Amino acid sequence: MMDYLYEYAQLYRHSKRHAAMVIKAGSVLSIAVNTPSKHAEEMALVGLTLGQTAVATVVCFRIKKDNSVGLAAPCERCAALMREYHVKDVWYTTNTMTIHKAQLKTYEPKLKWYAQETNNE
Ligand SMILES: [Zn+2]
């Protein structure tokens, strides 16, 4: 799954490549990357129904400029959106090539952490 997301995000050449995938019961419902104005999570959720996204998992993946995997912890806005869509779990890549798995109900966006890291690019 991570290999697939990595390759998918690699298709896009802009500097901040963030991909998000919505999965449920082993099926991929959607996959998207960020655009200049929308985050990958928003792009992946738009067009899906509540029936589809309820208790789904959103997997967030980020590739840095040097093609290494970076922290993809969703921002506050995307976390709020995922809650509206009744997403249950959020998984995201970290700087240490691991996947952090969190439940959305207890997930807290690390805004400063994320902003700091993004600025370093
Ligand atoms: Zn976001």
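This is a predicted model: local features need pLDDT of at least 70, side-chain atom pairs count only at pLDDT 80 or more; totals for chains, interfaces and linings use all residues.

Student: In which sense do E1 and E3 pair, and over how many bridges?

Tutor: E1 and E3 are antiparallel, with 7 bridges; Ala19 has Phe61 as its bridge partner in E3. E1 also pairs with E2 in the antiparallel sense, over 6 bridges, and Ile23 stands opposite Val28 in E2. E1 and E2 form a hairpin with 2 residues between them, where Ala25 in the turn has a positive phi of about 50°.

Student: What makes E3 a mostly covered strand?

Tutor: Of its 7 residues, 7 are buried. Both faces of E3 are covered, with Thr57, Val59, Phe61 and Ile63 buried on one side, and Val58, Cys60 and Arg62 buried on the other. For the protein, buried residues make up 31% of the 121 residues.

Student: Why is Thr93 called buried?

Tutor: The threshold for a buried residue is 20 or more other C-beta atoms within 10 Å. Thr93 has 24 within that distance, and is therefore buried. Thr93 lies in strand E5. Leaving out residues up to four places away in sequence, Thr93 touches Cys60, Phe61, Arg62, Val69, Gly70, Leu71, Ala72 and Ile99.

Student: How far apart are Thr93 and Cys60 in sequence and in space?

Tutor: Thr93 and Cys60 are 33 residues apart in sequence, and their C-alpha atoms are 6.5 Å apart in space. For the protein, among contacts between residues at least 6 apart in sequence, 52% join residues at least 24 apart.

Student: Why may the buried residues of H4 be said to line one face of the helix?

Tutor: In helix H4 (residues 76-84), the buried residues are Cys78, Ala79 and Met82. Viewed down the helix axis, they fall within an arc of 105°, and therefore line one face of H4. The face turned away from this buried side carries the exposed residues Glu76, Ala80, Arg83 and Glu84. The cover over the buried residues of H4 includes helix H2 (40-45), strand E3 (57-63) and strand E5 (89-93). Just after H4, His86 has a positive phi of about 60°.

Student: What makes up the largest nonpolar core, and which residues have the most contacts inside it?

Tutor: This core has 27 residues, and those with the most contacts inside it are Ala19, Ala20, Ala44, Val58 and Cys60. Helix H1 (2-10), strand E1 (17-24), strand E2 (27-33), H2, E3, H4 and E5 each supply at least two of its residues. E3 provides the largest share, 5 residues. Beyond residues up to four places away in sequence, Ala44 touches Ala20, Met21, Val22, Ser30, Ile31, Ala32 and Val58. In soluble globular proteins, nonpolar side chains tend to be buried together.

Student: Where is confidence in the protein lowest, and where is it highest?

Tutor: Confidence is lowest in helix H5 (residues 111-119), at a mean of 49, and highest in helix H3 (residues 50-53), at 97. Residues 112-116 have pLDDT below 50, and beyond near neighbours in sequence this stretch has 3 contacts in the model. The mean pLDDT of the protein is 85, with 84% of its residues reaching 70 or more.

Key: Residues are numbered from 1 along each chain as its sequence is written. A residue is buried if 20 or more other C-beta atoms lie within 10 Å of its own, exposed if 12 or fewer, and partly exposed in between; C-beta atoms are placed from the backbone. Two residues are in contact if their C-beta atoms, placed from the backbone, lie within 7 Å. Helices (H or I, at least four residues) and strands (E, at least two) are DSSP runs, numbered from the N terminus. The arc is that of the directions from the helix axis to the C-beta atoms. pLDDT is the predictor's confidence in each residue, from 0 to 100. A nonpolar core is a set of buried Ala, Val, Leu, Ile, Met, Phe, Trp, Tyr and Cys residues joined through C-beta atoms within 7 Å. Two strands pair if DSSP finds at least two bridges between them.
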